[in-house]
Amino acid sequence: MKNRIFLYLAFGALLVVFISCTTKKNEISASEKIISEKIDSLLQLMNLEEKIGQLAQVNPEYNNTEILLEMIRKGKIGSVINAGDADFRKRLQQVAVKESRLGIPLIFGRDVIHGYRTVFPIPLAQSCSWNPELVKKAAQIAAFEASSDGIHWTFSPMLDIARDPRWGRIAESNGEDPYLGSQMAIAMVNGYQGDKLNNPHALAACAKHYVGYGAAEGGRDYNTTLIPEPELRNIYLPPFKAAVEAKVATVMSAFNDLNGIPATANEFTLRQILRTEWAFDGFVVSDWTSISELINHGYAADERDAALKAIQAGIDMEMVSTCYQDHLKELIQNGVINENLVNEAVRNILRIKFRKGLFDNPYTEKPDSNVFLMPAHLETAKELAIQSTVLLKNDNNILPLSENINKVALIGPLADAPLDQLGMWTPDGRPEEAVTPLTAIRQLIGNQRVIYAAGLEKSRSTDKSRFNNAIMAARQADACIMFIGEEQILSGEAHSRAFLNLPGAQEELVSAIAQTGKPLIIIIMAGRPLIFDKIENKAKAILYAWHGGTMAGPAIADLLFGKAIPSGKLSVSFPRTEGQIPVYYNHRNTGRPPSKENLGIPTGTPLDPVNYSSNYLDLDFTPAYPFGYGLSYTSFEYSPISLSKDTMSKNDTLIVKVTIRNTGKYAGTEVVQLYIRDLVGSITRPVKELKAFRRIALEPGQSKEIVFTLTQSDFAFYGKNMTYSAEPGQFMIWSGNSSDDKDLSGAIFYLTE
Ligand code: BGC
């Protein structure tokens, strides 16, 4: 009887879930139906100029305000980028809504890349947290602050896979891995957009730069990219696909030439993949003047031709350049293109304006300043900065610093550099609101225990006149903590570097301080992986803190003194030298794989001991620090992995289990990683691919079993003839705490039809 009641209850609960799911689905389609009807009626009222107006995004800096207002009044503008402050935005919106013929609201866009007034760590750092939940929370806070200030739309997340640290925009990326990148994409889109785009505190997100931009040759920004289709589909597209599946509102086309067709005029990626295969129904915005740049690419003869090629390829909105405004009308009137192309673009844009609720709720009042930098925002910024920081080295467990260390010397150009710690792309972050390591450490351990000397004015400075002060500071201390790396200005858009060493005289400063014989801890604050092999051995510990944002200082202070335990893992491989680039973990094996045994320049006959393998003569082929790597103050032990079966048919499920034990003294968090290798494929497969990860917190002595569930989609890829499938055959499956072989334990597994 009891069982039967239970069954009824369970059935009832299932029914409720089913009904509420279907109702929700129906509700969604009902509201979408209303939106589509509204678009139809509006479109019928619009004249051609007004339609073309919706496709224009302007930057007010380039227009005199009166001219701008007049254009809005005439319905010639659909969106404004970087529109001053909340009051100015409201003024522009009033003109659009009350004074233009059809009252279509503007959508205000801005680069809210890693926070608004509360600045979070740079995205590359955030991805080292391997904590999508926390990254989502940061995006939610950014959306809250920016929307309070009247912004509707952020040009984030940047989802370019980045394997080249010379490229300045690696700072904006989630690193080199398509799986981790996809998890971060989903987290950021969900964080910005929330459950409902029309929530006044949601921002429409923008997946950019579509696509391949990160593969710029030589790491030089805007440079050409050549990406074969399987690589495009298996590596570069997945984060974008994940964002589209998470219902990202907009996509931005990239600046690069992709296999001979610029991304901004690429029908294959924009129409075939994005619209047809993925059914994306938001709108596509060009990048800044990337339509007129089709001329420089040598893909369009003039602006008219550029407008033609971009609209044909499926760019809905033109950012800043005016090819559409100046030429679409004539192209239609002369029958070169059909007006339906423009109608379609207008529909896409209006759909997002309706979904965003702009017609019902066009205005935002000037916010109280207390909506920014709220305690909870700062707490999240600090937590994310903690989790983004990667402990690269910790000889004899020098960190956390013991209570016995009475005086510390804080040395280096980044100990007290508020602007630099904010990182690139922070137009709304304010240096005066950033808490530097110097301030935070003084607060944490008391002013009297801290001696400070910058040693160098800036990271790039070569003037050594301050070295003596720094050396004197070091001599008076029990330990030295050096803050070195890169200034904000050395990474980000158009800020690529050919040399990745510590700029200026920083290496010499480290050597001078090391000579005092005081224990040395180095904190590297940078926008990319740097090469620091020359000073690595001089430090007992190295924390890679990236540009950690407003709360970088308190985060670093807590990590140094054991109030927080590092848990970050690299989302990108660190090269040993520039000559190794690109170096990434998910490379192919080659016909003559490299091995550590084959190092060294041969001394015998020229043909002798090189062994004809894919090595360098003069350097180890492995990275300085591998993808997935990061230490803790505690230690973790992994059991061998166990598989629920060693052979699985495609429709089955594989359970992978591994037990992790905290074998150290501190409570800590480990990021457990799961990799696979498809040993034989219809096209060659990477030597490893990340397929899952889990963050787990463990008390000292505690152990936990982690269970990963894999299905055929985890083994699937675009193979020969671009078919997406899991190919039967043999696989390796590993689990461990980095992508390095020595950190992994594995098992063999067979997939059958
Ligand atoms: C960048 C975009 C950015 C846009 C607007 C461009 O230069 O490539 O990422 O969103 O400017 O500021």
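This is a predicted model: local features need pLDDT of at least 70, side-chain atom pairs count only at pLDDT 80 or more; totals for chains, interfaces and linings use all residues.
**Around strand E6**

In a regular strand the side chains alternate between the two faces of the sheet. Strand E5 (residues 206-210) pairs with E6 in the parallel sense, and Cys206 stands opposite Thr250 of E6. E6 also pairs with strand E9 (residues 283-285), again in the parallel sense, and there Val251 has Val284 of E9 as its bridge partner.

**The sheet of six strands**

An open sheet with mixed pairing contains six strands in the order E11-E16-E15-E14-E12-E13. Strand E11 (390-394) and strand E13 (450-453) each have a single partner strand and stand at the edges, so one side of each is left without a neighbour in the sheet. From one strand to the next, the twist averages 15°. Within this sheet, strand E15 (residues 520-525) and strand E16 (residues 541-544) pair in the parallel sense, with Ile521 standing opposite Ala541 in E16.

Helix H17 (residues 437-445) packs on the sheet, where it touches strand E12 (408-411), E13, strand E14 (479-485) and E15, and its direction makes about 165° with that of E13. Helix H18 (residues 467-476) lies across E12, E13 and E14, and it runs at about 165° to E13.

**Parallel pairs described above**

| Strand pair | Sense | Bridges |
|---|---|---|
| E5 and E6 | parallel | three bridges |
| E6 and E9 | parallel | three bridges |
| E15 and E16 | parallel | four bridges |

Conventions. Residues are numbered from 1 along each chain as its sequence is written. Side-chain values use heavy atoms; hydrogens and water are left out. Two strands pair if DSSP finds at least two bridges between them. Helices (H or I, at least four residues) and strands (E, at least two) are DSSP runs, numbered from the N terminus. Axes are lines fitted to C-alpha atoms, for helices over the stretch in contact, and angles run from 0 to 180 degrees between N-to-C directions. Contact means heavy atoms within 4.5 Å.
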